Amino acid sequence: MSSLFRSEEMCLVQLFFQTESAHNCISELGHLGLVQFKDLNPSATAFQRRFVKEVKKCEEMERILSKKVFSTFEKLEQELREINRNHATLRQNLIELMDIDSLLRMTEDFFEEVLEINFSFFSFNFIILPPSEDSVFVAGVIKQERFPAFEKVLWRLFHGNFVLRHAEIQATEELQARGAVKKDVFIIFVQGDHVREKIRKVCEGFRASLYSCPKTLYERKQMSNSVMTQMEDLRMILRRTEEYRAGVLTRAAEHVQEWGSKVKKMKAIYYTLNLCNIDITQKLIVAEIWCPVSDLAVVQNALIKGSEQSGSSVTPVLNRIQTQQTPPTFNRTNTFTEGFQAIIDAYGVGTYQEINPAPCTIVTFPFLFAVMFGDCGHGLVMTLFAVWVISQAESLRKWKNEVTDVVIGGRYIILLMGMFSIYTGLIYNDCFSKSFNIFGSSWCVRPMFHPHGPWQNETLHEYHHLQLNPSVPGVYSGDPYVFGIDPVWNIASNKLSFLNSFKMKMSVILGVSHMLFGVTLSLVNFVHFRKFQDIFLQFVPQLIFMLSLFGYLIFLILYKWCITLRSETAPSILLLFINMMLFDYQSEHVLLYGGQKGLQIFLVLTAVLMVPVLLLVKPFLIYRTRMKTRHQVSRAEKDNVICFLLQVSMGDIFVYQAIHTVEFCLGCISNTASYLRLWALSLAHAELSEVLWRMVLQVGLKISSGMGSLMLVVLFAAFAVLTVTILLVMEGLSAFLHALRLHWVEFQNKFYEGSGYKFTPLSFDSLLKTQQ
Amino acid sequence: MAATTFVIAMSVMTLLWGLIGGVIPWFIPKGPNRGVIVTMLVLTAVCCYLFWLIAILSQLNPLFGPVLSNDTIWYLYYHWQ
């Protein structure tokens, strides 16, 4: 039997397994996710449970784990800090070496220059700077911004008796990546050895780094080469350090995740063990589980696997037991149906094995939404949005926002709502408040003019608005527009007069059909639970009551639509119905067909007769059976307790039946009226859509100046934003809510009890998912 | 007897939704989802057919006609047959 139509048959099974294999068996069952453990020690408090120590241990472990995670993090932190420090030092060294390298390269030019100067001085002045031995040079690196001040200080110190050359170190990419600042290389040539100290002090003041630079070209080349090799080594070391750091971090992250899920699983297992009983011999654990009958074999296999894993010799024993207790309700859903099942369960989880409204809701809910939403343009946007969400569901789940979770959970619902909205939009002939004229309108203007009709050319000049008369031949072609509402109504100013009448009658027809469907589902329930008496005492009177009053109303609507009437004498359906209930048949009231009076009186009397049938017959029969059993009991033995109990609940039965009857009969009328919200919301949606068109987009399209196209862009953006926020989001939520209410109240109170409890199996997947 | 547009439309739609709701369900392969798919097809056919039927029947014998502005009447005089 297909599983979604009613909840699965559940059985209560007793499990016996050895204490050693308990852990593995329960772990296997947890991975399966098909059994719910019953609490065998309901009276025991949390502290009295057998495995309370183990649960505490697991919680301790969770805390320790977070502490261990903490301490691991601390260790990691220290390690990382060291790594970072080394890294920084190495980087500093690298920068120094690079500075020396640039220094060496640039001093080449300086030395040449100085030799020239010396030579020229020598040749010009014969004195002053003897070459090499007495001239001192100092080379170093200083921050570029400090250089001008440095130069000034040197001038003041040596009164210009020095040669200073400097050049900017080219900022290479590597230097910039390692965060160096702009630096300059400088070299000072001075006379006299004693000034070396002064220069050193000045350089220290300006935090310039001095490097010893060899005098000969050969030595400089050698130093340059050694610096190069040192730099290469350092670069390699830095790279290795960075890789090591990254590796340490990733490994730690993996481990933490693993440990966390392991501890959660263990805690769940010990919590489950707390629900079980332990045998006198302390060797056997007894558990009671609820399990779907169709999955018994799978559960057995899992248990065997678990016991094999733990190395125990005894296989666990499954013992199915009969019970009077109500099993939990389990509806097996897939990704498509779980959204619809969720909105049914939100109102109330179904009683065990009663009919599940979810498969019907998959179609009727989006359909009723679409009747209220009815615009094929908006429906198309909604469908495309739903398709996008379905394709991106996994990546959108990562956002972990409540609103996105709801939208993702309901993505198939939104898809169906959009698709049905496109269909109802085509029938309402409403696309962003405009109509399509695919098949040609059935209304024609020409026959209204002379010679066929009453209008002249002058009539157009006299009157601003004129009404077409369908009784003039040719104006109305006799064949209605084949798919939906005729497009002429979109350009008519009395559009609402026609549409209101159409939509109200449509709401009543759809509502009564929906409720009749609900009453029929109660028949299915009665057949399944073998309450055949209830079929005649409840289902049949309810059906007759509903059909004779509201089924007849539908008949009147359809009849009036199908016959040709003269508009002056056409009776209003509402008045006909009211007069029928009040038995008001005055001669000036026009009736639709011959024999209507007799038929209506008969129907009303039948309906009124059904009320006492619903109210009294069932309690009376119960009373009679109780009387019979009481006589039998008193003949055998006098049991006061039983008699007392029976007498008390008789009153309850009467009251319950009275409530049920009143609720049904008055509810019929109020629920039918409640379905008029289908008309109300679709009217609101159509009007909002029209306002947006007329006040926003049409204004933009009517601009005739040159700036018109720019204004149209802005206005279209406004139109789009308002359409999405007001018409799609707000109206969508509103129609969703009202369609939901129609299902929960008007449809489900005809057959649904909803007093069950949900099946919550031990499942590690859902545990880890919820706690993530 | 020339079939009017109404009769053609009626038979086409009845045939179409009758096919979707009454014939295709017999061809759905057996599987765990067969019940749900058959329910969906039947209910969709019933709902959509009923909705279309209400729309067309309500326009079959109109009691009053549309009120149009004189500009609209002028336009329709020339552009609709």
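1. A:Lys505 is buried, because its relative accessible area is 17% and the cut-off for buried is under 20%. The structure is a predicted model, and that applies to every point below. A:Lys505 belongs to helix α15 of chain A, which covers residues 495-528. Leaving aside residues up to four places away in sequence, A:Lys505 touches A:Ile557, A:Lys560, A:Trp561 and A:Ile573.

2. For chain A overall, there are 22 helices and 10 strands. The chain has 772 residues, and 44% of them are buried. Chain A exposes about 42,000 Å², with 61% of that area coming from carbon and sulfur atoms. Of the contacts in chain A between residues at least 6 apart in sequence, 82% are between residues at least 24 apart.

3. UniProt, in an unreviewed entry, gives "transmembrane region" for residues 367-390, 410-428, 508-529, 535-558, 599-621 and 709-730 of chain A. I looked at two of these spans. Residues 709-730 are 100% helix and 0% strand, and their end C-alpha atoms lie 30 Å apart. Residues 367-390 are 92% helix and 0% strand, with the end C-alpha atoms 20 Å apart.

4. Aromatic pairs come next. Over all chains, the whole structure holds 37 of them. In the pair A:Phe385 and A:Trp388, the ring centres are 6.3 Å apart and the planes stand at 35 degrees, so this pair is tilted. Both residues are in helix α10 of chain A (residues 376-391), three residues apart, or about one turn of the helix. A:Phe385 is partly exposed at 40% relative accessibility, and A:Trp388 is also partly exposed, at 44%.

5. A:Trp489 and A:Phe498 make a stacked pair, with 4.4 Å between the centres and 10 degrees between the planes. A:Trp489 is buried, at 3% relative accessibility. A:Phe498 is buried as well, with a relative accessible area of 10%.

6. Is strand β5 of chain A mostly covered or mostly open? Strand β5 spans residues 183-191, and eight of its nine residues are buried, so by the under 20% cut-off the strand is mostly covered. Strand β4 of chain A (residues 162-168) pairs with β5(A) in the antiparallel sense, over seven bridges. A:Arg165 has A:Ile187 of β5(A) as its bridge partner.

How values were computed:
Residues are numbered from 1 along each chain as its sequence is written. Chains are lettered from A and ligands numbered from 1 in the order in which they are written. This is a predicted model: local features need pLDDT of at least 70, side-chain atom pairs count only at pLDDT 80 or more; totals for chains, interfaces and linings use all residues. Side-chain values use heavy atoms; hydrogens and water are left out. Rings of Phe, Tyr and Trp (its six-membered ring) pair if their centres lie within 6.5 Å; planes under 30 degrees apart count as stacked, over 60 as edge-to-face and the rest as tilted. Helices (H or I, at least four residues) and strands (E, at least two) are DSSP runs, numbered from the N terminus. Buried means under 20% relative accessible area, exposed over 50%, partly exposed in between (1.4 Å probe, protein chains only). Two strands pair if DSSP finds at least two bridges between them. UniProt positions are given in the numbering used here, feature names are shortened, and annotations may be inferred rather than shown by experiment. Contact means heavy atoms within 4.5 Å. Accessible areas come from the Shrake-Rupley method with a 1.4 Å probe; for residues, only the protein chains shown count as cover.
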